[in-house]
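Reader: Before I look at individual residues, could you take me through this chain step by step?

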Amino acid sequence: MGRRDLHKKRKTVKKKYLQITFLVILLIACFTGLYLFNIFPFSSDIFAYDRLNILAVGTDSVESKGRADTILVLSLSPKTKETILFSIPRDTRVMVPGRGMDKINHAFAYGDIDLLEKTVEEYIGLPIHYYGVLDFEGFQYIIDALGGVSIDVEKNMYYVDNAGDLIINLHSGPQILDGGKALQYVRFRLDSLGDLGRIQRQQKLINAVIEKILQFDSMVKIPNIINSLKEYIRTNMDTNEILSLARLMKDIDKNKIWIETIQGEPRYINGISYLVNDEEEVRKKVSFLIENSYKGLT
């Protein structure tokens, strides 16, 4: 990889790092605050893993039968802090155990997080130790619980999708966005930048969320937020494990984070659109990146 390509890769890593937090940092941000301010001590076995793999799922419902719109696997070494985030497109055609070849996000609809976890493990060749499922309602709850966030909305945003039950109606200018408005802000992409613009807005919002969390008036709200999070976020991590993950994430050097989107070829099969690739090649690529990503970023 040449210097120009490596520089471009590092810029992409920095841009995408904050985007990831929709499913990762929003899950642990409140707990990170607890650690930073030493509100209470904690310990867990999370640091004992040689390689820790976490499945993060963004869905329109934390209940089964919801749609897994975003599927991410965070793989990191607690000892070296070397971190890779694999993004798996929801239309990727894979072998779903007991169901045959299908879109990977259908595994969640068929068998909830257990089937999706098993499908992902077999697809990328990594064991999944923990998972977190966050839905739109949970996203809005966290923003509202913090009292909203300050955002300078860069332009008027209006979009209506009746089929998708989505209405976006924001005016430009500095303002406090509540949970509903914040969700509109990060979902809007009806402009020339498309997904790039949406990613930039996600980064901007997450910066505002982190800044708000670290304010004293937000810190006093965190115990209540923690007590209510279980209603909005589904995970097999207990409180100590989440706190340990927060501590680990806080210490990670951003230059040691490698972002990889699983690639494939768009193809129609029996009238259905898929992203098709060779599963064996995917597993080889994942293994290679785990073994060499740290070297590639130094």
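Author: Strands here are DSSP runs of E of at least two residues, numbered from the N terminus, and two strands pair if DSSP finds at least two bridges between them. Please keep in mind that this is a predicted model.

Reader: How many residues lie between strand 13 and strand 14 in their hairpin?

Author: Strand 13 covers residues 265–269 and strand 14 covers residues 272–276, and they pair in the antiparallel sense over five bridges. In the turn of this hairpin, Asn270 has a positive phi of about 55°. The number of residues between the two strands is two.

Reader: Which residue of strand 14 is the bridge partner of Tyr268?

Author: Strand 13, residues 265–269, is joined to strand 14 by five bridges in the antiparallel sense. The bridge partner of Tyr268 in strand 14 is Ser273.

Reader: Is Leu205 buried or exposed?

Author: Leu205 lies in helix 6, which spans residues 195–213, and, leaving aside residues up to four places away in sequence, it touches Phe139, Val149, Ile151, Ala182 and Val186. The cut-off for a buried residue is under 20% relative accessible area. Because its relative accessibility is 1%, Leu205 counts as buried.

Reader: What distance separates the C-alpha atoms of Leu205 and Asp152?

Author: Leu205 and Asp152 are 53 residues apart along the chain. Their C-alpha atoms are separated by 9.7 Å.

Reader: Across the chain, what share of the residues counts as buried?

Author: The chain contains ten helices and 14 strands, and its accessible surface comes to about 14800 Å². Of its 298 residues, the share that counts as buried is 49%.

Notes: Residues are numbered from 1 along each chain as its sequence is written. This is a predicted model: local features need pLDDT of at least 70, side-chain atom pairs count only at pLDDT 80 or more; totals for chains, interfaces and linings use all residues. Side-chain values use heavy atoms; hydrogens and water are left out. Helices (H or I, at least four residues) and strands (E, at least two) are DSSP runs, numbered from the N terminus. Buried means under 20% relative accessible area, exposed over 50%, partly exposed in between (1.4 Å probe, protein chains only). Contact means heavy atoms within 4.5 Å. Accessible areas come from the Shrake-Rupley method with a 1.4 Å probe; for residues, only the protein chains shown count as cover.
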